[in-house]
Amino acid sequence: MSEPMLQVENLAKRFGGIVATDDLVLNVEAGELHAVIGPNGAGKTTLIAQLSGQLSPDSGRVRFDGKDITALPMYRRSRLGLARSFQITSLFLDLSVLDNVALAVQAHAGHSFRFWRNARSEPDLREPARAALARVGLGERADGRASALSHGEHRQLELAMALAGSPRMLLLDEPMAGLGPEESARMVEMLRALKRELTILLVEHDMEAVFALADRITVLVYGRVIASGKPDDIRANADVRDAYLGEAETGAASHG
Amino acid sequence: MTPALTARNIAIVALLAGLLLMPVFAELAGNRFLLTLFTRIVILALAAVSLNLILGYGGMMSFGHAAYLGIGGYAVGMLAHEGVLSGFVQWPVALAGSALFALIIGALSLRTRGVYFIMITLAFAQMAYYIFAGLARYGGDDGLTIYKRSQFFNPINLSNKVQFYYICLALLFAAIYLVWRLVNSRFGMTIQGARSNDIRMRAIGFPTYRYKLVCFVIAGTMCGLSGALLANHTDFVSPQMMYWTRSGDLIIMVVLGGMGSPFGPLIGAVALLVLEEVLSGITEYWQIILGPLLLLVVLFARGGIDGLLVKLQGKERAKVRS
Amino acid sequence: MTLFIEQCLNGLQFGLLLFLLAAGLTLVFGIMDLVNLAHGSLYMIGAYFAATFAAWTGSFVLGAVLALGATLMVGMAVEVIAMRRLYGRDHLDHVLGTFGLILFFDESVRLIWGPEGLSLPLPSWLNRSVQILPGVNYSAYRLAIIVVTLTVAAFLYVLVMRTRIGMLIRAGASNREMVGALGVNIKLLYTLVFGLGAALAGLAGLMQAPILTVQIGMGENILILAFVITVIGGIGSIRGALVAAIFVGFIDTLGRAFFPDLLRMVLSPAAASTAAPALSSMMIYLLMAIVLVVKPEGLFSAGNK
């Protein structure tokens, strides 16, 4: 097998006295869906923020496709093909659904110092955007305003935007959060289809979804990796059970 | 797409036709003052159009836009004072001066956002005001009379009032068209995206700071042109041109007309300045009416006049700013 | 040397006066998230009230006290009638709405007091100079301003850091819902805070009145300085406002006093006298620019907004 797509080496981040990421080592192989789970406050979102470049780590390295990206700002990482979706949906609510995705396409089409041609009629932007929307099942809603979509649809749009730049790897931060059972099931199907083409790092609370989708799972507790392996190994792991799974399963059950 | 016969479109066409025919009307009515008033409206509308680019489309709440009026105006006034009368020198200097100022101010103030941005743009514009007020050679506080308007080749003669009006009007229409092209281009989409959600723009790969800065400079330059016109119109420049309340007036025009709408600033400029004219005809203390009126507009009519016209269309369909 | 000491004290006095304005501005912004351009109008109104009441009562001190009370009332009335409706709106609405208020106040003052300015004469016991160091005399009135503003600063410190109201104020700044949940009458709290800010502005105005002429628009120029201070000090920080205000007071006063002489050393006298007024008025803005480059969120930023 070749080099891992994403290599995280001894990553550490503190906020004051709190250790959010503690000497974290993680490899994501090309083509796999790698899930990161852990109880609340385990530092999952902080990890994603460091991988995407929103936060810079105190020490350690992040390599993407063999290239050291630790010091690169968000937009450079995204141009290398590392796309991120947000936990709290963060869209361009006053623009149209299609505009949202077209902006994501535009972000990858080099600089935007083009002042004259109407971007809303450029096939180079609009066609990939429509394709990405169709992929997540929002093709019909393309011309509506983004603020008019439902919560579940916002998640789909979020995913379409991540896909729009034809990334090689997706960082997904709790794509199921706040979705009803039906919407969750649809999202799982979508991710299952995507993982054939993309490498995905998934942070998720919904254990059912994680065990259904993941090729490998890493368990994080207090910013530290306590286990990493195939779903069956994780299920069987005594440490994980003690530290987390028992509690999480009841948590997941109460969510329905 | 063919434009529909909606209330909004009819109002805009009527306004444009009215502006085109204004000199004829003023001539027929024998009312020279009307032409002077509307020349001023057209010039300030140009400034409002430039402000709308950053405020309405870019979400950058600049409270220092009048500074460019002053810089553009003083470029004309100071050069004329030194004997340089050619518009081919004066106007490019006005534009370049405004662009440079916008570049410096923008580079500093765009590092911040929100209220800081408002206060900083306001403060820097006020700094420019004090600088010009301190230039004793060019009249200081009292300002500077311009004895000769900018010279171009024949038959262009800015001293001809009708000709000057049409030149201003042509430049205004050109500016509206330019802004419209700009905001719908890739660059414009970037600017609008940054207004809508700056963090997200950076997350998907846009270094928004430089786009906003370029936008800020374009708007400042355009407003500098308005300043050069204003100096030629009044044959006089003074620091008062760039006092901060003038920046406030420009914001009112943009909001009153309708932010982020191509013709909004023009509508707002006509509405505000005509309203001022009417109110000041009623009472000497007309601002006592205008002030609370403004507060009411803010509280109850945020979409501005353009927003009301769109509502009149009856279609409350989700309108994407275009 | 005497001149230098005197100018330093003038700088301190002006800085402290600016602090009163900036403190009100930053308090209102920090707690209600409201940008109030009309803050300068309250400064102006304080000065007009003081001049009027002092003339009526024949007593400077009584006039000042009445003016302070009246400005407080005007401030609370403005809050109840107008400002309250602006909370939670975006900043552009604040800017426009309060800009409308400025027009209203300026014009009302012109209607009531006329376009000419007023003056507020000092009583004889303040209108003299006292010896502060051997051979150095200084205006008793300016000294009094320094004492009063320092007292107010101490009062504000105690109020915000040590009292229940202050706790609510600090909590309100960081967590609006929590204060509401505690069962505090948040409307009343906001009215009081706005009134306090107005009273501080009015105090600054009435104290400045004997030094300058009382005139329309006096609040607007000084408001910009208060903005500069707020930007330098960090929005929402009273301590930042104090430090920045003293800085700005010094730089502005000393700059105007000594900068032309310094310039004359490097430039020809003619060039220096041309450039000096423009350059010395730029200095505080340069200070602001430097702060922005080094620390865009201000020196003592209370939150990261």
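**Figure 1. Chain A contains nine helices and ten strands.** The model is predicted: local features need pLDDT of at least 70, side-chain atom pairs count only at pLDDT 80 or more, and totals for chains, interfaces and linings use all residues. Residues are numbered from 1 along each chain as its sequence is written, while chains are lettered from A and ligands numbered from 1 in the order in which they are written. Helices (H or I, at least four residues) and strands (E, at least two) are DSSP runs, numbered from the N terminus. For the 256 residues of chain A, a compact globule would have a radius of gyration near 18 Å, and chain A agrees with 18 Å. That radius is taken over C-alpha atoms, and the globule rule is 2.2 Å times the number of residues to the power 0.38. A box of roughly 60 × 40 × 40 Å, taken along the principal axes, is filled by the C-alpha atoms of chain A. In chain A, 44% of the 256 residues count as buried. A residue is buried if 20 or more other C-beta atoms lie within 10 Å of its own, exposed if 12 or fewer, and partly exposed in between; C-beta atoms are placed from the backbone. Of the contacts in chain A with a separation of 6 or more, 68% join residues 24 or more positions apart. Two residues are in contact if their C-beta atoms, placed from the backbone, lie within 7 Å.

**Figure 2. An open sheet of six strands in chain A.** The strand order is E6-E7-E8-E3-E9-E10 (chain A), and the pairing is mixed. At the edges are strand E6 (82-84) and strand E10 (224-229) of chain A, each pairing on one side only. From one strand to the next, the twist averages 15°. Axes are lines fitted to C-alpha atoms, for helices over the stretch in contact, and angles run from 0 to 180 degrees between N-to-C directions. Two strands pair if DSSP finds at least two bridges between them. Strand E9 (residues 216-221) of chain A pairs with E10(A) in the antiparallel sense, over five bridges. Within this pair, A:Val219 stands opposite A:Ala227 in E10(A). Helix H1 (residues 44-52) of chain A packs on the sheet and touches E3, E6, E7, E8 and E9 of chain A. The direction of H1 makes about 150° with that of E7(A).

**Figure 3. Strand E8 of chain A and its two neighbours.** Strand E8 (residues 199-203) of chain A is mostly covered, with five of its five residues buried. One side holds A:Thr199, A:Leu201 and A:Val203; the other holds A:Ile200 and A:Leu202. Strand E3 (residues 33-37) of chain A runs parallel to E8(A), joined by four bridges. Here A:His34 has A:Leu201 as its bridge partner in E8(A). Strand E7 (residues 169-173) of chain A is also parallel to E8(A), with five bridges. A:Leu172 stands opposite A:Leu202 in E8(A). Between E7(A) and E8(A), the chain passes through helix H6 (residues 181-194) of chain A, in a right-handed β-α-β crossover. Right-handed means that, with the strands pointing away from the viewer, the path from the first strand over the helix to the second runs clockwise.

**Figure 4. Where chain A meets chain B.** In this interface, 30 residues of chain A are in contact with 24 residues of chain B. Helix H2 (74-80) and helix H3 (97-107) of chain A each supply at least two residues of the side that touches chain B. That side of chain A has 15 nonpolar, eight polar and seven charged residues. Ala, Val, Leu, Ile, Met, Phe, Trp, Tyr, Cys and Pro count as nonpolar, Asp, Glu, Lys and Arg as charged, and the others, Gly among them, as polar. No contact joins chain A and chain C; their closest C-alpha atoms lie 15 Å apart.

**Figure 5. Chain C and the loop at C:Arg84.** Chain C has eleven helices and two strands. Of its 305 residues, 49% count as buried. C:Arg84 lies in the loop between helix H3 (60-81) and helix H4 (91-113) of chain C. With 15 other C-beta atoms within 10 Å, C:Arg84 is partly exposed. C:Leu34 is 50 residues from C:Arg84 in sequence, and the two are 9.7 Å apart in space, C-alpha to C-alpha.
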